[in-house]
Amino acid sequence: MADPRSQIQKKYAPKNRYANFGPSLKSIRIQGFRGVTDLEMDFPFPITAISGLNGAGKSTVGQLCLGAYRKPSTVTGIKRFYVRDFFPASAADPNPFGPNSSVIFEYNTTDVDNPQTLTVTRAAKEWSGYKRQPERSCYYIGFTIYIPKVEQRDLSMYRAAEIQLGAKRPIPDDVKDRVGRILGQQYQGLHFQGITHGPRQGELCIASRFGAQYSENNMGFGEGRTLYLVDLLENSPEQSLFVIEEPETSLHENAQFELGKYILDVCNRRHHQIVLTTHSSTLLNSLPADARVMLLRDAAGVAAFPQMSAARARSILSGGQHRDLCVLVEDDFAKLLLTEMIRTVDPVLLKCIDVHGIGDTKAVRSGALFMQRLKRPYAAVRDPDIGPEPAIGLFSFPGTLPPEREVYGQPHVRQHLKAEFGIDVENVLAQHNVTDHHEFTKVLADDASAIPGYLSTCAIKAYLASIGVAAYKPLVQAIQGRLP
Ligand SMILES: Nc1ncnc2c1ncn2[C@@H]1O[C@H](COP(=O)(O)OP(=O)(O)OP(=O)(O)O)[C@@H](O)[C@H]1O
Ligand SMILES: [Mg+2]
């Protein structure tokens with residue numbers, strides 16, 4: 001089965017975006033809400049997982065997104081959201097926003113170069129700017145989407161003896177299987193059962209598993225919450241906007257990962273835009289880098305770091321406590337290459353730095369800005385295609401291509417790998433039809449029956465010998481120059 005990530009990426013490419021996802025949010029700019037003085041966030045992917053410490057401003061962003069749309073006149077059973085729904089002001093809360101607070105929404109349109117922009121502002125004592133908004137069904141999946149009935153004490157509990165069963169609402173088999181896949185358990189049956197008590201009505205989910213039947217009243221919390229979440233995502237109109245608060249709540253670790261896969265899958269099938277808040281590195285790891293953004297709150301306000309996650313930031317910072325300088329690169333191959341360059345020029349420097357593979361070129365830049373904001377010593381090195389940006393301590397590897405292509409493409413390296421491992425690089429890559437350079441080392445090492453790290457180190461040493469120290473000494477010196 002094709003990977004939903006790459007399918008979504010294609011569907012969400014700017015030229016295809018509107019046709020597939022309608023007037024989804026392209027960006028949001030928030031000024032003056034809950035200490036968020038001026039924050040701009042882009043949505044380069046239809047799923048956005050916002051991480052950050054408690055109180056960073058994650059829910060604030062999600063809740064404001066919901067105020068971006070009018071309710072479609074054809075859809076019943078939902079309401080539209082307004083800014084006032086989430087930012088109540090009172091004697092206890094005099095200033096969740098100020099007189100000049102505003103939200104600027106940017107929407108994707110049929111014309112890639114002309115997104116629609118609308119501003120919701122505080123005019124006099126009311127919020128204005130809602131009128132010309134596009135239509136879209138919006139759902140807020142907060143923490144109360146599913147409260148166990150035993151805690152709610154609703155009519156199915158305190159009037160349990162007197163309720164009558166009404167109509168059933170079947171849950172299709174594919175939805176049942178999806179819920180089962182997330183939770184790692186399969187159901188024999190799953191449906192909603194209408195219940196009535198006098199004029200009052202309700203609905204209870206009924207499950208059967210291992211030959212036993214039970215309702216929500218005896219269901220696990222994670223089970224009930226997942227079921228309600230999946231039911232809404234599957235039964236809402238296509239191209240809806242979902243804002244989901246910490247969907248990992250009460251799920252075991254593997255279920256969190258499976259939930260991330262499901263969110264990709266449903267987004268690919270039903271073209272929803274999904275903005276979620278999370279503290280789960282497992283959930284974040286199930287999503288592509290373009291789906292991640294981290295918020296940081298400090299004295300200067302709240303800032304967004306695209307591609308980053310709170311877990312990654314923590315691991316960079318904890319490494320930095322032991323070494324003088326944190327060096328950010330794209331991935332493991334870049335880390336190995338940089339380490340060998342430094343070993344040749346200034347081996348002592350290796351003892352003072354911590355090198356982190358952080359994702360891709362955008363993540364390296366974002367990580368550099370994050371470290372700069374924290375005033376921590378850092379240097380960053382990205383692949384040569386975009387070039388350096390010394391003003392923010394961002395440098396480039398030598399050459400013009402991604403490091404794997406530079407290294408494995410060198411005639412001298414190819415001769416060396418032939419002599420050492422008996423492999424013909426060009427043939428092996430062609431035979432396996434490998435076009436993604438991130439796969440080169442694994443495929444070559446497999447073919448040579450070698451350990452990948454050993455093969456890539458041999459290749460890198462041969463490459464460095466061939467290009468000569470003058471080609472990379474300036475990069476090592478630039479990193480030396482960043483030492484505190
Ligand atoms: N009037 C205010 N002025 C300045 N800052 C405020 C104000 N009201 C709330 N805040 C800040 O907003 C934070 C709450 O924001 P939000 O709910 O978006 O955080 P969050 O990232 O979702 O946190 P959590 O992970 O705990 O859910 C508070 O912790 C506080 O720092
Ligand atoms: Mg929150």
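**From a loop to the cores**

Leaving aside its neighbours within four places in sequence, Thr-37 is in contact (heavy atoms within 4.5 Å) with Ile-30, Gln-31, Gly-32, Ala-300 and Gly-301. This is a predicted model, in which local features need pLDDT of at least 70 and side-chain atom pairs count only at pLDDT 80 or more, while totals for chains, interfaces and linings use all residues. Residues are numbered from 1 along each chain as its sequence is written, and side-chain values use heavy atoms, with hydrogens and water left out. Thr-37 sits in the loop between strand S1 (25-33) and strand S2 (39-42), strands being DSSP runs of E of at least two residues and helices runs of H or I of at least four, numbered from the N terminus. Although 265 residues separate Thr-37 from Val-302 in sequence, their C-alpha atoms are 7.0 Å apart in space.

Lys-58 belongs to helix H3 (residues 58-65), and its side chain reaches the backbone oxygen of Gly-52 at 3.1 Å.

The largest nonpolar core has 45 residues, and Ile-47, Tyr-262 and Ile-274 have the most contacts inside it; such a core is a set of buried Ala, Val, Leu, Ile, Met, Phe, Trp, Tyr and Cys residues joined through side-chain atoms within 4.5 Å, where buried means under 20% relative accessible area with a 1.4 Å probe, protein chains only. Helix H9 (residues 253-270) gives the largest share of this core, seven residues. Because domain 1 (4-144 + 229-316) and domain 2 (149-219) both contribute residues, this core lies between them, the domain bounds coming from an automatic or database assignment. Apart from it lies another core, of 44 residues, among them Leu-325 and Phe-395.

Note on methods: Chains lettered and ligands numbered in written order. Polar contact = N/O pair within 3.5 Å; in protein donor to acceptor, adjacent residues only side chain to side chain. Buried < 20%, exposed > 50% of the residue type's maximum accessible area, 1.4 Å probe, protein only.
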